[in-house]
Amino acid sequence: MGQRRPPPQVQEAQVPCFFIFGDSLVDNGNNNGMLTLARANYGPYGIDFPLGATGRFTNGQTYVDALARLLGFQNFIPPFARARAPREVLRGVNFASGAAGIREETGNNLGDHASLSQQVTNFGNVVQVMLRYFRGDTSLLNSYLGRCIFFSGMGSNDYLNNYFMSNFYTTSSDYTPKAFASVLLQDYANQLAKMYTMGARKVIVTSVGQIGCIPYQLARYTANNNTNNSSRCNEKINDAVSLFNSGLKRLVQRFNGGTELPGAKFVYLDFYKSTSDLYRNSSQYGFEVIDKGCCGVGRNNGQITCLPLQQPCPDRRKYLFWDAFHPTELANVLLAQSSFSTQSFTYPINIQQLTMA
């Protein structure tokens, strides 16, 4: 008889759970049942994802899907919309909602969504469900949550679907870019502090990416400025989000170095720098098209997002953007890899170091 082979080793997750807050860049189905234009539960969204069109706003994995894999999770983190039982939520929950922002009114032009404050409230409800599993032992639950990773990627819609949408919102006339960044950061700090009181200790916060260079902005900017250069970025938007980003990094320094949130460890993930790296060095990563969506309508495939059953580009790996707003799966995987074990785009430590901190 041949020697019996040992069973395959299943990689243990590096942390017990992973909680996600954010917008359509990381939403994995929370908007599916909402009355909103910010939904992606139809083909060709999810064309390269094993489960099909689940509500992810890309062709395959989102950034947090790829990060969860690197963290050692065997299954994808479930959306809040369908994660309810104690055993379901023990490994973490994704609260992200397409069109969501830090400000309550952000994204209302697209319909229903869960704002950041609603996502934090939802997390509080999940904590109460988990407490039942821990038989009411708050100390034991807090010890468990203290080893988990929390990801918060917010702010893009506060610019795209608020500040720079003056036909629907008054914020651009109410605030200078500097003042708007300041009120956003104040609101954000309050919500992050609430997460802390509910048990969050290891927290990743992301800067806003280079959204002046997404196909949606390229389509609008080039059309409005009568230029033939279809790859020209809207630097007015990039400059505005840079004010928010620099303030967010200072907030991380404040939280890590002060006495406000004792025991908390925050990591600043520089999505602006990392997305800019993919954009500038696209050929090194195999991207041939960086100014058009793989799927979409109009100039730069960026004037309308991917329509139901629309035929996308055949080779998604050559495209940096899936649609008018969102990166392709390959871009998401590359972004996750670059932030996990290197310190090129993270401060003060990388994500792998955060798991061991």
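**A close look at strand 1**

Guide: Strand 1 pairs with strand 2, which spans residues 149-153, in the parallel sense, and 5 bridges link them. Keep in mind that this is a predicted model. One of the pairings to look for is Gly22, whose bridge partner in strand 2 is Gly153.

Now look along strand 1 itself, residues 18-22. The strand is mostly covered, with 5 of its 5 residues buried. In a regular strand, side chains alternate between the two faces of the sheet. Here, Phe18, Ile20 and Gly22 point one way, while Phe19 and Phe21 point the other way, and all of them are buried.

In soluble globular proteins, nonpolar side chains tend to be buried together. The largest nonpolar core in this model has 99 residues, and Phe18 and Phe19 are among those with the most contacts inside it, along with Tyr63, Phe150, Tyr159 and Phe244. Helix 7, residues 177-197, gives the most to this core, with 10 residues.

Leaving aside residues up to four places away in sequence, Phe244 touches Ile102, Met154, Tyr159, Ala181, Leu184, Leu185, Tyr188 and Val208. There is also a second, separate core of 10 residues, including Ala40, Cys294, Cys295 and Trp322.

How values were computed. Residues numbered from 1 in each chain as written. Predicted model: local features only at pLDDT ≥ 70, side-chain atom pairs only at ≥ 80, totals over all residues. Heavy atoms only, no water. Buried < 20%, exposed > 50% of the residue type's maximum accessible area, 1.4 Å probe, protein only. Helix = DSSP H or I, 4+ residues; strand = E, 2+ residues; numbered from the N terminus. Pairing = 2+ DSSP bridges. Core = buried A, V, L, I, M, F, W, Y, C linked by side-chain atoms within 4.5 Å. Contact = heavy atoms within 4.5 Å.
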